[in-house]
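Keep the viewer open as you read.

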Amino acid sequence: MLFSTVSVIGLGYIGLPTAAVIASRKTKVIGVDVSSEVVDKINSGEIHIVEPDLDIIVRDGVTSGFLKAATSPEPADAFLIAVPTPFTGKNHQPDLDYIESAAIAVAKVLKSGDLVILESTSPVGATEKMAAWMAKERPDLSFPQTAGETSDIRIAHCPERVLPGQILQEITVNDRVIGGITPACSKAAAALYSLFVQGECIVTDCRTAEMSKLVENSFRDVNIAFANELSVICDKLNINVWELISVANRHPRVNILQPGPGVGGHCIAVDPWFIVSQSPEEARLIRSARETNDAKPAWVLNKIEKLKAQYLADNPSLGEDAVSIAVLGLAFKPDVDDLRESPAMTIAERLSKTHAGTLLISEPHIGRLPEKLDSATLIDAASAIDIADIVILLVDHKEFVELDRAALDTKVLLDTRGIWRES
Ligand code: SAJ
């Protein structure tokens, strides 16, 4: 099967690396994004996100002519849809609006023989919905949900599974789960991934493929919730949770993950809700894990209040406005610039509203603070620690792990990631 042009819809954390990697295999790629700023930036060989080595591969793709970006879909042989799937409202219902818009826009340029793959993390049934939206838009073409194996258009779900920070490596090395609406759809999708994937392409149906992605992230969420629950229990019992975990993990069949200030990002903090919203009565453990992880920032804020009260009790001449707090890290995980759904952001935002004294923030991966944190000061970590009375470590960025620990000796510390514990 020949794909002379591939189009990637949505040039974010998944779409842009995917587009650049396919272009690096000397296949023509048209990347599509609704943001003209993003499109202009990519066409000038630059990138709008932080991901190791992505800048190099995008620049190479644009310079060699294999990669270009556009604001609306153009004809291609295969379309890979990688748009966001957030959730809405209190009940965490998945919002498929971006998929619907992308599907309708792509449908307009489809021709017989084309392949459409949904990569966005999706609730079970979303691929079938996408196929229905496209079929409605193009009654002149036949689709697999009605025409089966002989359809003009092939449609499959193939969830992305790459880890931010290691995307370029994982995009080629990881195995892929491919769920076609029909076996012919799966075969076409497997042929597309064979252009750049060295891992195995495992074929299943599209509902199993959708669920596999949700289950992978829920598995991690449940395991992190276990670690976070342990951290709260250990705090009460005066046990160092990181030491406890390292000791327990010496058991050959125990592998406890690491506690932190909560779970962030647009995947693990979101995807389990897609299962809960479709099976609210049955998904009790998955919901409970989400709630445990979501409750952690409030627990950290409560700890900060207690530390502050103790500091003021130890320094009775001081008022609260004389106490300065340094927050180290805003990103949702180490060594990335992504602040989406970040528990560190939740904590910093709350502090900026409630703390009467100075709030210093160190986040080496951003150039300016988000608007919500306007009242705080962005500063390098060493200076923040130097000035602050209380230091709160929220993200285990490399820069913070390498800090001179002697500077922390005289400070009140809250290390939510366990990087400064004595080993
Ligand atoms: N975290 C902990 N303790 C841990 C591990 C992680 O608190 O022991 C926290 C992180 O600090 C972060 C959150 O969990 O706030 C999520 O980080 P992560 O590194 O576990 O995962 P993501 O969100 O960057 O990427 C996940 C990956 N899924 C799995 O590992 C099952 C990735 O493979 C998926 O492709 C990605 O979600 C996605 O796009 O869905």
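A word on angles before we look at anything: axes are lines fitted to C-alpha atoms, for helices over the stretch in contact, and angles run from 0 to 180 degrees between N-to-C directions. Contact here means heavy atoms within 4.5 Å. Helices (H or I, at least four residues) and strands (E, at least two) are DSSP runs, numbered from the N terminus. What you have is a predicted model, in which local features need pLDDT of at least 70 and side-chain atom pairs count only at pLDDT 80 or more, while totals for chains, interfaces and linings use all residues. Residues are numbered from 1 along each chain as its sequence is written, and side-chain values use heavy atoms, with hydrogens and water left out.

Now for the sheet. Five strands make up an open, parallel sheet, in the order β13-β12-β11-β14-β15; two strands pair if DSSP finds at least two bridges between them. The edges belong to β13 (377–378) and β15 (412–415), each of which has a single partner strand, so one side of each is left without a neighbour in the sheet. Further in, β11 and β14 (residues 390–393) run parallel and are joined by 4 bridges.

Helix α12 (residues 284–314) lies across β11, β14 and β15, and runs at about 170 degrees to β15. Then there is α13, which packs on the sheet by touching β11 and β12 (359–362), with its direction making about 160 degrees with that of β12.

Stay with α13 for a moment and find Leu351, which lies in that helix. Is Leu351 buried or exposed? Leu351 counts as buried because its relative accessibility is 1%, where buried means under 20% relative accessible area, exposed over 50% and partly exposed in between (1.4 Å probe, protein chains only). Leaving out neighbours within four places in sequence, Leu351 is in contact with Leu301, Ile304, Ile325, Val327 and Leu359. Take Ile304 from that list: Leu351 and Ile304 are 47 residues apart in sequence, yet 9.2 Å apart in space, C-alpha to C-alpha.

The loop between β11 and α13 is worth a stop too. Ser342 sits in this loop and, at 2% relative accessibility, counts as buried. Not counting residues up to four places away in sequence, Ser342 touches Gly264, Leu330, Ala331 and Phe332. Asp335 lies in the loop between β11 (325–328) and α13 (343–354), but at 36% relative accessibility it counts as partly exposed. Its phi is near 65 degrees, a positive value in a residue other than glycine.

Lys26 has a positive phi as well, of about 65 degrees, although Lys26 is not a glycine. You'll find Lys26 in the loop between α1 (15–24) and β2 (28–32), and at 61% relative accessibility Lys26 counts as exposed.
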